[in-house]
Amino acid sequence: MSKYRTSDVKAPRLNPEAQAQAVALEEQRAARSYGARFEDLRRTLHRLRRSTLSLVGLAIVLGLIVLAIFAPQIAPYPEDIATVHFERTFQPPGRQYLFGTDEVGRDVLSRVIFGTRISLSIGVAVLAIALAIGVPLGLIAGYVGGPVNTIIMRLTDIFLAIPPVVLAMAVSAVLTPTLENSIFAIAFSWWPWYTRLIQGQVLSIKEETFVEASRSAGANPLYITFKEILPNVLTILIVKVTLDIGYAVLTGAVLGFLGLGVRPPTPEWGTMASKGRLHLPTRWWLTTFPGLAIFVTVLGFNLLGDGLRDAFDVELE
Amino acid sequence: MRYRDYLIRRLLYTIPALIGLSMLIFAIARVMPGDPARLALGPEASEEQVAKLRKELGLDLPIHIQYVHYMRGVFQGKLGVSLYTNRDVIVDLKEYFPATFELVTVAMLLAVAVGVPLGILSAMRKDRWEDHSTRVFALSGVSMPRFWIGILFQLVLAYHLGLLPVTGRMAADLPAPARITGLYLVDSLLAGDFVALKSSLLHIIMPAVTLSLSPIAQLMRVVRASMIEQMRKGYILTARANGMPENLLVYKYMLKNAFIAALTIIGLLYGFFLGGAFVVETVFSWPGMARYGVRAFIYKDFNAIIGVVLVIAVAYAVINILVDIAYGLLDPRIRLGAEAREA
C-alpha cells in the first residue's frame, strides 16, 4: 500500500476556460470510445457475415426459436402432444405423416416440433442458472483473492472432480423426473466451469493498467468488478454460452434417453428416442428423427458459437 | 520448486476435492426423496420390516454419523450393500469395472490414432478441401448425441448389413475367457483363444467408435490449431530455409508438439469417455460399470450410486495426474515454468 492516498492530493485549480476545455476533451474522448466500440461491433458483424458456416448456425438457431414459439401453428397435428390415435399406430414416414407415427399413433413430426420448446428451455435455463451462480462467484474469487478465493475455488474443485454429466445423472436420479428438476440437475454440475473461467480472466485483467488506474483513483471494488472487469469478459462469455447451450441440450437429451429426465408423454427428444429404441430395427423413424433434431440443434449452436469465437477473436481454454 | 513438488502439491489439492465430493454425493444420495428401505422391499412389506431394514442399513442414524460409518467402511474396502444385487457394491464394481475400462481404453486409443493424424492433415492442408471437410466432420462429431450414433450404427452395420454384432461383449454361445485381468481382449489373447479374441474384437468395434467420435473431433481441432501455430514459428522457418526435408520437419519436430497439444486435453477427454460410457453401454448392452450405474440411478440404489460416482472420480483424478506427469516429461517448458513460477 502506498502511504499517500488519492484524497491527499489537491486537484490543481483551473480557470473556467481551461476547465471547459478539459470537459470538452473528456467528452470527445468518451465519444471516440463509443465510436470505437461501435466500429468494433461493426467489424465483428462483418466477420460473422463473411463466414457461411456461422450464418448457417445462426439460421438454425433462429429457425429453432421460431419453431418453439409457433409450435402449435406449425405442427401438423398439434393435438398429438396429449392425445392417442390407436387407429394409426406405426405409420411409416410418408406424405401424410412426414416423420411417421409412434406406438400410440401420434405424429412424430408434431412431437419433434414441440420438443424444441423443451430442449431450448433446458438449454437456456441451465445457462441462465449457471451464469447467475458461476459468474459472481468467479468475479469475487478473482478480484478479492486471498482466503475467499481459496474457499470458492476449492469448492468448485469438488464439482469439477467428476465429469459433469455423471453428477447431473446422480442428482436427477434422486429427484422426481420433471423438466424443472432436469434443469436443476444439469445447472448444478455446470456453474463451476463459469466460476473457473471468470476467475482466470479476472486474475489476468485485474493487473491491467486501466484497472490499476481506476483503483488508484479510489473507485470502489464493486464498481471496478462490474464496470471495469465484467465488460472485458463479456465477449468470451457470449461465445462460451452459445456453445454451451448446445451441450446443455445434449445433456438434457442424455438424461431423457437414460430414463432420468422428463417423463413421457412430454415430447422430449431423448425420451422419444429411448422409447423408440424398443421398436428397432423395423420402426427406425421413432429414434432417427428425434435424434436428428438433437443433432441439428447442437450443430446450430456449435456453428454459431464457433463463428462468434472467430469473429470476436477470443480463445477458450 | 521442483516439478516433482509441483506434482505432489497437485495431488494434495486432489485429495480434499475427492473428500468433498464424497460428502456431496453422500448427502445427495441419502437425502433423496423416497425411503430406500421401502423401495428395496416393495409396497408389500410391512412397516416393521421396513423399520428393521432401515436399522440394519443404519438409515435411522443422523446423516453425519452415517457418513463416518460409510467412510470407515471405505477404508476397509467396503462400499455398502447394493439394494438390488444384495452384495457389497465393491464386489459388483470389481465385476463390472474391467468391461468399462476396456471399452474406454480402446476408444481412447482409437481417438488418438484417428484424431491426431486428421488434425495434422487438416493443418497441412489449411483452407483446402481436406481442411474444410475435416472441420465439418469435427463439428458434426461433437454435435451428435452418442446414443443416436450408436443406434444408427446398429441399424446400418448390424441389422441391415449384418457386419457386426448388435449388442454385448462376446457371442452368447462362447464361454467368457478365463478371468485374469477381466479385459476380454487381453484375457483371450493370454489364453491363446483366437475365436474368443475375434468375437470380442468384433463386439467392441461399434461401442468404441461411438464413444470416440466426439473426442476424435476435439483432438483434431486442438492438434490443428497447435500445428498451425507451430508452422508460423521461427525455428520452422529457419529449418525450412536451410533446406531441411519437409518430412523430417513434420515428423520429427512438429509432431511432438502436436502430441503435447493433444495431451493437454486428454485428461478432459477422459471425462467425456467416462460420461459417455453411460449412454454407450446402455445402447450396446455392454456389461460394464456405467450400465450398472444407470441401473443404480434408476432404482435409487443409494450405495451403488455413491460407489459408482466415487470410482469414476478417482479414475478421473488418477488420469489427470498421469497426464500432468507425462506433460512435464514431454515438455520441459511446462516443467521449468512450474518451477520458475513457484520459486
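**Entry 1: A:Arg47.** I began with A:Arg47, which touches A:Asp310 and A:Ala311 when residues up to four places away in sequence are left out. I take two residues as in contact if their C-beta atoms, placed from the backbone, lie within 7 Å. The model is a predicted one, in which local features need pLDDT of at least 70, side-chain atom pairs count only at pLDDT 80 or more, and totals for chains, interfaces and linings use all residues. Residues are numbered from 1 along each chain as its sequence is written, while chains are lettered from A and ligands numbered from 1 in the order in which they are written.

I located A:Arg47 in helix 1 of chain A. Helices (H or I, at least four residues) and strands (E, at least two) are DSSP runs, numbered from the N terminus. A:Arg47 counts as partly exposed because it has 16 C-beta neighbours inside 10 Å. The classes are buried for 20 or more other C-beta atoms within 10 Å of the residue's own, exposed for 12 or fewer, and partly exposed in between, with C-beta atoms placed from the backbone. I also looked up A:Ala130, 83 residues away from A:Arg47 along the chain, and found 29 Å between their C-alpha atoms.

**Entry 2: confidence in chain A.** I next consulted pLDDT, the predictor's confidence in each residue, from 0 to 100. For chain A the average is 86, and 88% of the residues score at least 70. Which elements of chain A have the lowest and the highest mean pLDDT? Helix 1 (residues 16-50) has the lowest, at 69, and helix 4 (residues 108-144) the highest, at 94. Over residues 1-12 of chain A the pLDDT is below 50, and I found three contacts for this stretch beyond near neighbours in sequence. Where pLDDT is low, the predicted coordinates should not be read in detail.

**Entry 3: composition and burial of chain A.** I recorded 11 helices and zero strands in chain A. Of its 317 residues, 42% are buried. Among contacts in chain A with a separation of 6 or more, 69% join residues 24 or more positions apart.

I then turned to helix 6 (residues 164-174) of chain A, which is largely enclosed by the rest of the structure, because 11 of its 11 residues are buried. The buried residues include A:Pro164, A:Leu167, A:Met169, A:Ser172 and A:Val174.

**Entry 4: a helix pair in chain A.** Two packed helices are described by the angle between their axes and the distance between the axes. Helix 9 (residues 221-257) and helix 10 (residues 269-276) of chain A pack at about 35 degrees, with axes 6 Å apart. Axes are lines fitted to C-alpha atoms, for helices over the stretch in contact, and angles run from 0 to 180 degrees between N-to-C directions. I noted the crossing of helix 9 and helix 10 of chain A as right-handed. A crossing is right-handed if the near helix is turned clockwise from the far one by less than a right angle, and left-handed if anticlockwise.

Helix 9 of chain A contributes residues including A:Gly252, A:Val254 and A:Phe257, and helix 10 of chain A residues including A:Trp269, A:Thr271 and A:Ser274. The contact has six nonpolar, five polar and no charged residues. In this scheme Ala, Val, Leu, Ile, Met, Phe, Trp, Tyr, Cys and Pro are nonpolar, Asp, Glu, Lys and Arg charged, and the others, Gly among them, polar.

**Entry 5: chain B.** I listed 14 helices and zero strands in chain B. Its C-alpha trace spans about 85 × 60 × 40 Å along the principal axes, and 41% of its 343 residues are buried.

Chain B is divided into domain 1 (1-84 + 299-343) and domain 2 (97-290), with bounds from an automatic or database domain assignment. Their centres, taken over C-alpha atoms, are 29 Å apart. The contact between them takes 12 residues from domain 1 and nine from domain 2. On the domain 1 side I noted 10 nonpolar residues, one polar and one charged.

**Entry 6: the interface of the chains.**
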